[in-house]
Amino acid sequence: MWCHKLLHLQSSLQKLMKRGYIGQALHLSNFKSLFSLSIHWCHTASKCVNCTWHQHEDHLEIQYASIVMRFDYVWLRDHCRSASCYNSKTHQRSLDTASVDLCIKPKTIRLDETTLFFTWPDGHVTRYDLDWLVKNSYEGQKQKVIQPRILWNAKLYQQAQVPSVDFQNFLKTNDELKKFLQNFLLYGIAFVENVPPTREHTEKLAERISLIRETIYGRMWYFTSDFSRGDTAYTKLALDRHTDTTYFQEPCGIQVFHCLKHEGTGGKTLLVDGFYAAQQVLQKAPEEFELLSKVPLKHEYIENVGECHNHMIGVGPVLNIYPWNKELYLIRYNNYDRAVINTVPYDVVHRWYIAHRTLTTELRKPENELWVKLKPGKVLFIDNWRVLHGRESFTGYRQLCGCYLTRDDVLNTARLLGLRA
Ligand SMILES: C[N+](C)(C)CCCC[C@H](N)C(=O)O
Ligand SMILES: O=C(O)CCC(=O)C(=O)O
Ligand SMILES: [Fe+2]
């Protein structure tokens, strides 16, 4: 029994040393105190109706309801919600984290109903409600998605019969704005109808949701096939599916399109749910999904036309996922603007091309393509972090206006309306 404990203690110490928590010069006296504490802790386990905890050398293990959570001791001290450590009005930390001993451990732990009380060596008391811990633990977060979504192909989207919202209602009522944002968050696209076909009304509409993100293309842009800028968008050519501004370190979050005029043929808009396609890749070839989420790529925009001189570079993988729950949050896909690949060796490059081909095959499946003809009055919002857009070639005079929105501010509006975002 003792022998077993000692071995356990030794390996824990080694772990701590490896992680740099214990300095190289570990004096015998320190060792002794750590030794005695650890032995004591291994025997400390308290029980209540449905909560058990166990003090390990380097973390606290709590079992509550059906979840096992592990907390670092510094974390437990750092997140103290007491009045001297945390301002509950501003939700800001007052505690100076750097003043916390990295080897800190609670002197005592006590449970009262559903509140855990920690007394620290200096006498300070921290209390946590068990449900707060569940909600805020890594183990709790790992099982949750940040953004619930409905992934779609053309048929699924059409069957969902997502209603468009009306411009006047949208401006007047928060309910309508909320309905719009809910659909936008779920599907990554949304339409507003009966918008007067002017740049001013489009701007007003955009400002109801968010701050407009000004870029090298201006605040509100207004474009025809006049070659005024050094990009194929300003031609009559077809454009394959892509996301915009992949060459920004943070690609624009939302794109707004309003076709103000089109006298001619063609010019339909193509929409493809990039997350649906990525999901297919994950199911069919998980290692390819992983590669697409790991290999960093550069995208670049070089422009020297008239007065416009720009050179933009953005770096990031095609698929961006949250590491703790593997949730996809951003797809960066633009074969036109992808720059030279020089961030990985040749063998990885080849595997990347295979993975890129698998994704492209999914993105190009006709059943995944949603085609819409934009008409004056009908404004389209696209989640540029999720849904790819493209267009058919066209003839005649076609005038499009629109803007980009700041993603943070769209999500801000959504959260203020009570939506999960
Ligand atoms: C929308 N607007 C016409 C302003 C810009 C077009 C940018 C096109 C660029 N190739 C990209 O994908 O980022
Ligand atoms: O002309 C269109 O419909 C869209 C062109 C495009 O991809 C863009 O402006 O980002
Ligand atoms: Fe585009």
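Student: How far is an oxygen atom of ligand 2 from an N or O atom in the side chain of His389?

Tutor: This is a predicted model, in which local features need pLDDT of at least 70, side-chain atom pairs count only at pLDDT 80 or more, and totals for chains, interfaces and linings use all residues. Residues are numbered from 1 along each chain as its sequence is written, chains are lettered from A and ligands numbered from 1 in the order written, and side-chain values use heavy atoms, leaving out hydrogens and water. The pair you ask about is a polar contact (N or O atoms within 3.5 Å), and its distance is 3.1 Å.

Student: Which side chain has an N or O atom 2.7 Å from an oxygen atom of ligand 2?

Tutor: Good one to look up! Asp244 also has a polar side-chain atom by an oxygen atom of ligand 2, but at 2.8 Å. The 2.7 Å distance belongs to Arg391.

Student: How much of ligand 2 does the protein bury?

Tutor: Start from the ligand taken alone, which exposes 290 Å² (Shrake-Rupley method, 1.4 Å probe). Of that area, the protein buries 95%.

Student: Which elements give two or more residues to the shell around ligand 2?

Tutor: Residues count as near when a heavy atom lies within 4 Å, and those around ligand 2 include Phe223, Leu239, Gln255 and Arg398. Strands here are DSSP runs (E, at least two residues), numbered from the N terminus. The elements you want are strand 14, strand 15 (254-263), strand 23 and strand 24 (397-405).

Student: Which residues are the protein donors of the iron ion (ligand 3)?

Tutor: Donors are N, O and S atoms within 2.8 Å of the metal. Here they lie 2.1 to 2.2 Å from the iron ion and follow the spacing H-x1-D-x144-H along the chain. They are His242 (NE2), Asp244 (OD) and His389 (NE2).

Student: How many residues apart are His242 and His389?

Tutor: His242 is in strand 14 (residues 239-242) and His389 in strand 23 (residues 387-391). The pair links distant parts of the chain, with a separation of 147 residues.

Student: Which side chain has a polar atom 3.0 Å from a nitrogen atom of ligand 1?

Tutor: Let's set the oxygen contacts aside first. Asp244 has a side-chain N or O atom 3.0 Å from an oxygen atom of ligand 1, and Asn334 has one at 3.1 Å. The nitrogen atom of ligand 1 is contacted by Asp337.

Student: What share of ligand 1 does the protein bury?

Tutor: Ligand 1 exposes 380 Å² when taken alone. The buried share of that is 96%.

Definitions and conventions: A polar contact is a pair of N or O atoms within 3.5 Å; within protein, one must be able to donate a hydrogen and the other to accept it, and residues adjacent in sequence count only if both atoms are side-chain atoms. Donors are N, O and S atoms within 2.8 Å of the metal (3.2 Å for Na, K and Ca); water is not among the atoms, so sites may look incomplete. Helices (H or I, at least four residues) and strands (E, at least two) are DSSP runs, numbered from the N terminus.
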